[in-house]
Amino acid sequence: MIFDIIKGSVHDGPGIRTTVFLKGCPLRCIWCHNPESQHFEKELLWIPDNCILCGACIHTCPRACHTISDGHHQFRRDNCIRCGRCAEVCPEKALRISGRKMSIQEILDVVLEDRLFYEISGGGLTLSGGEPLAQVDFAEALLKAAHHQGIHTCIETCGYAEESVLERLAPLTDLWLFDFKADFASYPSLTGKPADIIFANLRKLAEKKSRIILRCPFVPGRNDMSVCRKELSDLVWELRESIQHVEVEPYNPLGEVKYAQLGRKCLMTAEKPSDAQTARWIALLREVLPCEVISG
């Protein structure tokens, strides 16, 4: 189950890449900017501002979820079975299904369309999410298929999985984009999961001599720099033979709108950090880390 494929990506690993976003994640980060990636099943996004009141959805919905009255479109989400028929006929994309099943070969065909760009730029395939480790059988098969074609592979991960999952995927993954989301004590309140499993897995990858980039979300007022800086520094110095560099990822408020479109409550609202704030974070980290620190 995936929710997007983006070609020509330059932010998910080296070179020009095709990023495949798998749907479903065990974490619930309060600043998640892709909430449609959290659940493993299909979901319907409803974007009222795009609606032109054409009524096409009314005629195709098998559960009578849509009505138009007094110039207003009413959507009964509690009656929806997420069949996607309304989204298929909506001319303005006011209704959109997130999530679709694709086979290994279907995805590989899309990935191979840009083989020339990978060869020129040193790019390849990146699995993201959601959480790729949560669909381990599919991830393993797709990575094997990509390697068989000589395609460089990355996994972007929160790190929350059983150790056996890493054992299966590490030999097939050329580069890991591993999240460092907050100080360890704050992980349960900010992500819904404890940090111990996540960073035990990071150390396991380092033991296997995996190449790793640490990705650090910057959410002002949420993940405290004074604590994060010390713990991140200790971790990077400990694993410096595997850590390639650190990327600072400024908070993107895009997810706040998406929660409303999904009919769910937003977990957090915050301002996007300014360029000056981000630069200050990066400067503080550069003072203590033995590797390059960049803005992601």
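Colleague: How far apart do the C-alpha centres of domain 1 and domain 2 lie?

Modeller: In this predicted model, those two C-alpha centres are 33 Å apart.

Colleague: And which residues belong to which domain?

Modeller: The domain assignment gives domain 1 as 2-39 + 100-295, and domain 2 as 43-97.

Colleague: OK, how many residues does each domain bring to the contact?

Modeller: Domain 1 puts in 8 residues and domain 2 puts in 6 residues.

Colleague: What area is buried between domain 1 and domain 2?

Modeller: About 630 Å², with carbon and sulfur atoms giving 46% of that. On the domain 1 side, Glu36, Gln261 and Leu262 lose the most area to domain 2. Together those three make up 70% of what that side buries.

Colleague: What classes of residue does domain 1 use where it touches domain 2?

Modeller: That side has 2 nonpolar, 3 polar and 3 charged residues.

Colleague: Switching topic: how many cavities turn up in the whole structure?

Modeller: The search finds 3 cavities of 30 Å³ or more.

Colleague: Which residues are closest to the centre of the largest cavity?

Modeller: Cys61, Pro62, Cys80, Cys83 and Cys86, out of 14 residues that line that cavity. By class, its lining divides into 9 nonpolar, 2 polar and 3 charged residues.

Colleague: What about the second largest cavity, what's its volume?

Modeller: About 70 Å³. Its lining includes Cys51, Cys54, Cys57 and Cys90, and among the others are His73, Pro91 and Leu95.

Colleague: How does the lining of the second largest cavity divide by class?

Modeller: Into 9 nonpolar and 2 polar residues, with no charged ones. For the largest cavity, the lining has 3 charged residues.

Methods
Residues numbered from 1 in each chain as written. Predicted model: local features only at pLDDT ≥ 70, side-chain atom pairs only at ≥ 80, totals over all residues. Heavy atoms only, no water. 1 Å grid on protein atoms, 1.4 Å probe; cavity = no way out; pocket = protein on both sides within 12 Å on 5 of 7 lines; lining within 4 Å. Points joined across faces, edges and corners; volume = space filled by probe spheres on them. Nonpolar A, V, L, I, M, F, W, Y, C, P; charged D, E, K, R; others polar. Domains from an automatic or database assignment. Contact = heavy atoms within 4.5 Å. Buried area = accessible area lost by both parts, 1.4 Å probe.
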